[in-house]
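Trainee: I am new to this structure and would like a close look at a single part of it. Please take one residue and follow its partners from there.

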Amino acid sequence: MERFKKVYSQGTIDVIEIWVDTETGVNYVFHRNGTAAGFTPLLDQEGKPIVTP
């Protein structure tokens with residue numbers, strides 16, 4: 001079983017993806033534009049990580 005599972009993807013050059021950590025349930029946003037990229041927790045309006053059960 002892989003630790004991270006991609007649950008959403010949009011774009012080809014300007015890419016936005018949502019990944020879920022299968023051990024903790026925390027959702028992450030991945031953004032890539034050309035050769036630059038970032039991966040960070042997805043937060044709700046209160047600044048708390050979104051967790052998928």
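Is R3 buried, partly exposed or exposed, and what is its relative accessibility? Which salt bridges does R3 form?

Mentor: The model is predicted, and the values below are computed from it. R3 counts as partly exposed because its relative accessibility is 39%, which lies between the 20% limit for buried and the 50% limit for exposed.

Now the partners. R3 forms a salt bridge with D21, and the closest N and O atoms of this pair are 2.8 Å apart. D21 is buried, because its relative accessible area is 3%, and buried means under 20%.

R3 also meets E23 in a salt bridge, with 3.7 Å from N to O. This pair links distant parts of the chain: R3 is in the segment before strand 1, E23 is in the loop between strand 2 and strand 3, and the two are 20 residues apart. E23 is exposed, since its relative accessible area is 61% and exposed means over 50%.

Side chains of opposite charge can pair when their charged atoms come close. Through shared partners, the salt bridges join R3, D21 and E23 into one network.

A search of the whole structure finds four salt bridges. One of them is between E17 and K6, at 3.7 Å from N to O. Here E17 is in strand 2 and K6 is in strand 1, 11 residues apart. E17 counts as buried because its relative accessibility is 9%, whereas K6 is partly exposed, with a relative accessible area of 41%. As for charges in general, the protein has 5 positive and 7 negative ones, and the mean positions of the two groups are 3 Å apart.

The strands named so far belong to a simple list. The protein has four strands and zero helices, and from the N terminus on its elements run β-β-β-β. The C-alpha trace spans about 30 × 30 × 15 Å along its principal axes. The accessible surface comes to about 4100 Å², and carbon and sulfur atoms account for 56% of it.

Strand 1 covers residues 4–10 and includes Y8. Y8 counts as partly exposed, at 38% relative accessibility. Together with V7 and I16, Y8 makes a nonpolar surface patch of about 250 Å².

Strand 2 covers residues 14–21 and includes D14, a residue that counts as partly exposed at 42% relative accessibility. Leaving aside residues up to four places away in sequence, D14 touches H31, R32 and N33. The C-alpha atoms of D14 and N33 are separated by 4.5 Å, although the two residues are 19 apart along the chain.

Finally, G34 is in the loop between strand 3 (27–33) and strand 4 (36–41). G34 is partly exposed, with a relative accessible area of 45%, and its C-alpha atom is 9.3 Å from that of T12, 22 residues away along the chain.

Terms used:
Residues numbered from 1 in each chain as written. Predicted model: local features only at pLDDT ≥ 70, side-chain atom pairs only at ≥ 80, totals over all residues. Heavy atoms only, no water. Patch = residues over 30% accessible without salt bridge, like charges linked within 9 Å, V, L, I, M, F, W, Y side chains within 5 Å. Areas by Shrake-Rupley, 256 points an atom, 1.4 Å probe, with all protein chains shown as cover. Salt bridge = Lys/Arg side-chain N within 4 Å of Asp/Glu carboxyl O. Buried < 20%, exposed > 50% of the residue type's maximum accessible area, 1.4 Å probe, protein only. Lys, Arg positive; Asp, Glu negative; His and termini not counted. Charge placed at Lys NZ, Arg CZ, Asp CG, Glu CD. Contact = heavy atoms within 4.5 Å.
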